[in-house]
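Please look at the sequence and the model below before reading on. The text then goes through a metal site and some salt bridges.

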Amino acid sequence: MSEPQLWNDVDDYFTRHLSSDDDVLAAALRDSEAAGLPPISVTATQGKLLHLLAQVQGARRILEIGTLGGYSTIWLARALPADGRLITLEYSPRHAEVAERNIARAGLDSVVEVRVGPALESLPKLADEDPPPFDLVFIDADKANNPHYVEWALRLTGAGGLIVLDNVVRGGRIADLSDTGPDVLGTRAAVELIARHPRLSGTAVQTVGSKGYDGFALARVRD
Ligand code: SAH
Ligand code: DHB
Ligand code: MG
């Protein structure tokens, strides 16, 4: 059996036993696909990981950069208390519209707010509102801007905050120094920023599964 096929089968096994999609999550993926959105949401096992990380954080406030159809948003928002808040930033009005419907069907529209526009415009506006610190920031948008997103995440979190970046491995491209694509350069700059920043303590986890070979970077804001 080829390795990707095996990873897929194992992902299916863990998904069935540990993180199975319910109707609402399955409908979110189905409607995202029907609307022509790219099939790049986190997987179910990854979504469950985000959900558990938010719970371990005791998160009351979550910031997401890159909504797509709201699949990861739903996993994260379900970890929040009823008076919790998730703000998710999305460039594409079309993606945001699909996400709003999926989030409403999940009964999370009173907890989740989708803000449309380039995140580097939405983030300064958000900071101007002087919001209480976010407990978790999930960064999953245009990878070239990853270092800027880490800087903003630092500014918008407090001690003990958790920053999670998706897609830091990209089939190994991160470590192939001859690869100078803007997404890889952005992700490398974000990892190096996490590594040298005095307020951050970070690591990365490689993942395989139905989305192939990729990974997450995790960084905790020091006390
Ligand atoms: N987090 C989602 C997947 C996000 S895909 C999930 O796992 O379910 C990346 C999303 O980032 C896309 O919807 C894309 O439109 C959005 N995006 C790209 N550039 C952006 C930008 N500059 N600002 C905000 N969102 C952006
Ligand atoms: C892409 C983006 C993602 O956030 C992801 O998880 C997978 C793929 C992409 O732009 O190709
Ligand atoms: Mg991603």
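What follows describes the metal site and then the salt bridges.

This is a predicted model, in which local features need pLDDT of at least 70, side-chain atom pairs count only at pLDDT 80 or more, and totals for chains, interfaces and linings use all residues. Residues are numbered from 1 along each chain as its sequence is written, chains are lettered from A and ligands numbered from 1 in the order in which they are written, and side-chain values use heavy atoms, with hydrogens and water left out.

The magnesium ion (ligand 3) has Asp140 (OD), Asp166 (OD) and Asn167 (OD1) as its protein donors, 2.0 to 2.2 Å away. Donors are N, O and S atoms within 2.8 Å of the metal (3.2 Å for Na, K and Ca); water is not among the atoms, so sites may look incomplete. Along the chain, the donors of this magnesium ion are spaced as D-x25-D-N. Asp166 is buried at 3% relative accessible area, and Asn167 is buried at 8%. Buried means under 20% relative accessible area, exposed over 50%, and partly exposed in between (1.4 Å probe, protein chains only).

The structure holds 12 salt bridges, each a side-chain nitrogen of Lys or Arg within 4 Å of a carboxyl oxygen of Asp or Glu. One of them joins Arg173 to Asp179 at 2.6 Å, N to O. Arg173 is partly exposed at 28%, whereas Asp179 is buried at 15%. Arg173 also meets Asp183 in a salt bridge of 3.2 Å, N to O.

A network of salt bridges links Arg85, Glu113, Arg115 and Glu129. Glu113 and Arg85 are 3.1 Å apart, N to O.
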